[in-house]
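Hi everyone, thanks for coming. Today I'd like to walk you through one structure and the places where its surface opens up. Have a look at it first.

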Amino acid sequence: MGELMQGKTALVMGVANRWSLAYAIARSLAREGARLILTYQSERQRAATEELATAFAGGEAAACDVSRDDDLDRFFAGLRERGVALDAVVHSIAFANREDLEHPFYETSRAGFLLAQDVSAYSLVAVARRAAELMPRGGSILTLTYLGATRVVPNYNVMGVAKAALEASVRYLAAELGARGIRVNALSAGPVKTASARAIKDFSKILDEVAQRAPLRRVTDPGEVGDAALFLASDLGRGVTGDILFVDSGCHVMGF
Ligand code: NAP
């Protein structure tokens, strides 16, 4: 075991299962000694996430639905009451209606647009505000984004627009929280087969294209995302804030 996160506590939000990018990140942080608090959205996930958490030394799991202010308040108040101080926070959460990822973007409903923005972008602001109060030593807040924020990726649609808002939020949060020693960054991961990714139409075609055209000629391994997150969450990344770090086999540098 390494020591990059020894004595540090990391909150990792968005572990649905072993294939979640959040789980790969949790593994990298735990490998370097972090104490982990994993969150899941609903009771239905409780047993599975608890099982994943207990596999990490000192790991624990708790429910937190980031679309509900009362749930966020309850969860963070619980941490405060127990005297938990956070060093790293990972926000690995997104949601859009499947139909909004299947129909043309111009057909997106008002409700579908707002839902994607709420869960996938605003929730970072809601989490950062509450988490910052538990980061007296400063620390790192990290979110997950995708190339579809700045380029048109077929079928990414309303989620691309939500990721654009998420990336802008990273910059504003970084500017405001920097004075408290809190860094805010995003990892832009290449496509990885996860439960969320399955909602995107023709996702396997995107994977095939990446494997052929990315500079590294292969798709992204979740472990690569985990280790990049470790860099940003630990002191190794102490000079980096407000940034979007691509972990995508180099895909983002390619033209058509
Ligand atoms: P995932 O395993 O399905 O993780 C998404 C997580 O978001 C799930 O744990 C889900 O919980 C949670 N979530 C959704 N709504 C929530 C809410 N209201 N409150 C709390 N949690 C909520 O998929 P993933 O691919 O690892 O996604 C993680 C992040 O990486 C997302 O931001 C995604 O956009 C980003 N990303 C993914 C890829 C990719 O190709 N996979 C590429 C770049 C960026 P439930 O399962 O309980 O709903």
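A quick word on the model: it is predicted, so local features need pLDDT of at least 70 and side-chain atom pairs count only at pLDDT 80 or more, while totals for chains, interfaces and linings use all residues. Residues are numbered from 1 along each chain as its sequence is written, and side-chain values use heavy atoms, leaving out hydrogens and water.

Now the polar contacts, meaning pairs of N or O atoms within 3.5 Å. The side chain of Ser196 places an N or O atom 2.6 Å from a ligand oxygen. For Val192, a polar backbone atom is 2.7 Å from an oxygen of the ligand, and for Leu21 a backbone N or O atom lies 2.8 Å from a ligand oxygen. Taken alone, the ligand exposes 880 Å², and the protein buries 91% of that; these areas come from the Shrake-Rupley method with a 1.4 Å probe.

Which pocket does the ligand take up? The ligand's space is the largest pocket, as more than half of the ligand's atoms lie within 2 Å of its grid points. A pocket is an open set of points on a 1 Å grid over the protein atoms alone, where a 1.4 Å probe fits, with protein on both sides within 12 Å along at least five of seven lines; lining residues have an atom within 4 Å of a point.

The largest pocket has a volume of about 1,200 Å³, the space filled by probe spheres set on the points. Of its 43 lining residues, the closest to the centre are Ser92, Ile93, Ala94, Phe95 and Ser196.

Finally, the second largest pocket holds about 650 Å³. Its lining divides into 14 nonpolar, four polar and seven charged residues.

Conventions
A polar contact is a pair of N or O atoms within 3.5 Å; within protein, one must be able to donate a hydrogen and the other to accept it, and residues adjacent in sequence count only if both atoms are side-chain atoms. Ala, Val, Leu, Ile, Met, Phe, Trp, Tyr, Cys and Pro count as nonpolar, Asp, Glu, Lys and Arg as charged, and the others, Gly among them, as polar.
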